[in-house]
Amino acid sequence: MKRILIAMLAISAFIAGTVQSEEPQKETANVVAEFNNPGGIGGVESLRGMAELETTRPADPMKHYPKDQGVIDSDYVYQPPLIPHTIRNYEVSLNANKCLACHSWKNAKEMGATKISVTHYISPQEGQVLSDVSPSRYFCQQCHVPQADAKPLVESDFKRVNALR
């Protein structure tokens, strides 16, 4: 009887040891998979599709910006006017602003361009009228953007308000 009990204990200890040794292997496999794919996509599709974050995909083709579209109508009240021409290689930095070469009050008439709004000469903090463009309005492309002839990234059913049609 003692031999049978000892044999059963030995067998159960062997089985328990085998089961426990499989658990760390699964955890090790998960750690290795996480190490090889730290960001992953987590099953979420983005605008770039289902590509893994670490995968370098080919760049999208350059968007086509028409050279001159004329004035583009606004779609909502207080919309900053859109840029109807290409701005490729336009420098806007602390030292230069290519936009002002044509759109400043000084140059607009000669260049046949639209003048920048008088609101751009008012300091928003103090309401003081300045002799030059307010530093807070200096970087034009924070608000004004050119329009590319491109497929929308997401669908939209936005409709222009009747007052602007």
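Of the 165 residues of the protein, 14% count as buried, where buried means under 20% relative accessible area, exposed means over 50% and partly exposed lies in between, with a 1.4 Å probe and protein chains only. This is a predicted model, in which local features need pLDDT of at least 70 and side-chain atom pairs count only at pLDDT 80 or more, while totals for chains, interfaces and linings use all residues. Residues are numbered from 1 along each chain as its sequence is written, and side-chain values use heavy atoms, with hydrogens and water left out.

**View 1. The helices of the protein.** The protein has three helices and zero strands, and from the N terminus on its elements run α-α-α. Helices (H or I, at least four residues) and strands (E, at least two) are DSSP runs, numbered from the N terminus.

**View 2. The salt bridge between Asp 75 and Arg 160.** Side chains of opposite charge can pair when their charged atoms come close. The structure holds one salt bridge, a term for a side-chain nitrogen of Lys or Arg within 4 Å of a carboxyl oxygen of Asp or Glu. Asp 75 forms this salt bridge with Arg 160, and the closest N and O atoms are 2.5 Å apart. Because Asp 75 lies in the loop between helix 1 and helix 2 and Arg 160 in the segment after helix 3, the pair ties together parts that are 85 residues apart in sequence. Asp 75 counts as partly exposed at 27% relative accessibility, and Arg 160 is partly exposed too, with a relative accessible area of 26%.

**View 3. The aromatic pair of Trp 105 and Tyr 121.** A search of the whole structure finds two aromatic pairs; rings of Phe, Tyr and Trp (its six-membered ring) pair if their centres lie within 6.5 Å, and planes under 30 degrees apart count as stacked, over 60 as edge-to-face and the rest as tilted. The ring centres of Trp 105 and Tyr 121 are 6.2 Å apart and their planes stand at 80°, so this pair is edge-to-face. The pair links distant parts of the chain, with Trp 105 in the loop between helix 2 and helix 3 (108-111) and Tyr 121 in the segment after helix 3, 16 residues apart. Trp 105 is partly exposed at 42% relative accessible area, whereas Tyr 121 is buried at 11%.

**View 4. The aromatic pair of Tyr 138 and Phe 139.** Tyr 138 and Phe 139 form an edge-to-face pair, with 5.1 Å from centre to centre and 90° between the planes. Tyr 138 is buried, having a relative accessible area of 18%, while Phe 139 counts as partly exposed at 31% relative accessibility.

**View 5. Lysine charges over aromatic rings.** A charge sits over a ring if NZ of Lys or CZ of Arg is within 6 Å of the ring centre and within 35 degrees of the ring normal. The charged end of Lys 115 sits over the ring of Trp 105, 4.5 Å from its centre, and the charged end of Lys 98 sits over the ring of Tyr 90, 5.7 Å from its centre.

**View 6. Asn 97 and the backbone of Cys 99.** Asn 97 is found in the loop between helix 1 and helix 2 and counts as buried at 10% relative accessibility. A polar atom of the Asn 97 side chain lies 2.9 Å from the backbone nitrogen of Cys 99.

Note on methods
Polar contact = N/O pair within 3.5 Å; in protein donor to acceptor, adjacent residues only side chain to side chain.
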